[in-house]
Amino acid sequence: MRITFVTMATAMVCLMGVHGDVQPQRDFDLQRFAGKWYRVGLAYDSPGFTALYRDKLRVSMGILNPQTNGNVNLTMWTQRSSGCRSKLYTYEKTAIPGAFTYFSTRHNKVKDITVVETNYNEYALVLKHKKMDREYTQVALYGRSQKVKPEVIQKFRDFATSHGFPKDAILTPPPAGSSLKNCPPSGR
């Protein structure tokens, strides 16, 4: 009987996937979440991602602009050797505050975005999930500045490992330095 329960519980965890138990921030407030954010941490379960990007990944910056219909435009800037590269994402609201979807033209798939935790003025943990040939999940740590407190980075690492990410798949890239300051227009 005990073995059957353990087997069933293990199977249910596998079926739920990495994001099955993740809920959006309670009482999520999109207006408070708006403004400038820096992606200062990234955990990704894609095979090979860490090996390819560990030394190339840098902090990137985004400005999140809520729209009147409840959707969100997020413009992200990344510093490259050739200069700044920007990308616009449109996140569509769902019936659940703090949960969004967007259509990836690169992958031709809908992806789920969930703001898992934020204190609005310092950090945010955001989970991105997509199904392709298999399921892929990312957890990103965003900060209102390029540097966040060590305890926030530890919270991010703890969250990622508690959701099945191996420690070597959790990256905290170095700051982009002053180069990002010249990329986007000013935001909050």
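Author: Happy to! From the N terminus on, the elements run α-α-β-α-β-β-β-β-β-β-β-α-β. Keep in mind as we go that this is a predicted model.

Reader: Thanks. How many helices and strands does the protein have?

Author: There are four helices and nine strands.

Reader: And what share of the residues counts as buried?

Author: Of the protein's 188 residues, 44% count as buried. The protein exposes about 11,100 Å², and carbon and sulfur atoms supply 53% of that area.

Reader: What about contacts between residues at least 6 apart in sequence: what percentage join residues at least 24 apart?

Author: That figure is 56%.

Reader: Let's switch to strand β2. Why is it described as largely enclosed by the rest of the structure?

Author: Strand β2 covers residues 60-66, and five of its seven residues are buried, so the rest of the structure largely encloses it.

Reader: Nice. Which strands pair with β2?

Author: Strand β1, residues 35-44, pairs with β2 in the antiparallel sense over five bridges. β2 also pairs with strand β3, residues 72-80, again antiparallel, over six bridges.

Reader: I'd like some landmarks to click on. Which residue stands opposite leucine 64 in β2?

Author: That would be glycine 35.

Reader: Changing topic: how are β5 and β6 joined?

Author: Strand β5 (residues 99-104) and strand β6 (residues 109-118) run antiparallel, with six bridges joining them. Their hairpin has four residues between the strands, and asparagine 108 takes a positive phi near 55°.

Reader: Which residue of β6 does alanine 99 face?

Author: Alanine 99 stands opposite threonine 114 in β6.

Reader: Is threonine 114 buried or exposed?

Author: Threonine 114 counts as buried because its relative accessibility is 13%, and the cut-off for buried is under 20%.

Reader: What does threonine 114 touch, leaving out residues up to four places away in sequence?

Author: Its contacts are Val22, Gln23, Pro24, Gly98, Ala99, Leu125, Val126 and Leu127.

Technical notes
Residues numbered from 1 in each chain as written. Predicted model: local features only at pLDDT ≥ 70, side-chain atom pairs only at ≥ 80, totals over all residues. Heavy atoms only, no water. Pairing = 2+ DSSP bridges. Helix = DSSP H or I, 4+ residues; strand = E, 2+ residues; numbered from the N terminus. Buried < 20%, exposed > 50% of the residue type's maximum accessible area, 1.4 Å probe, protein only. Contact = heavy atoms within 4.5 Å. Areas by Shrake-Rupley, 256 points an atom, 1.4 Å probe, with all protein chains shown as cover.
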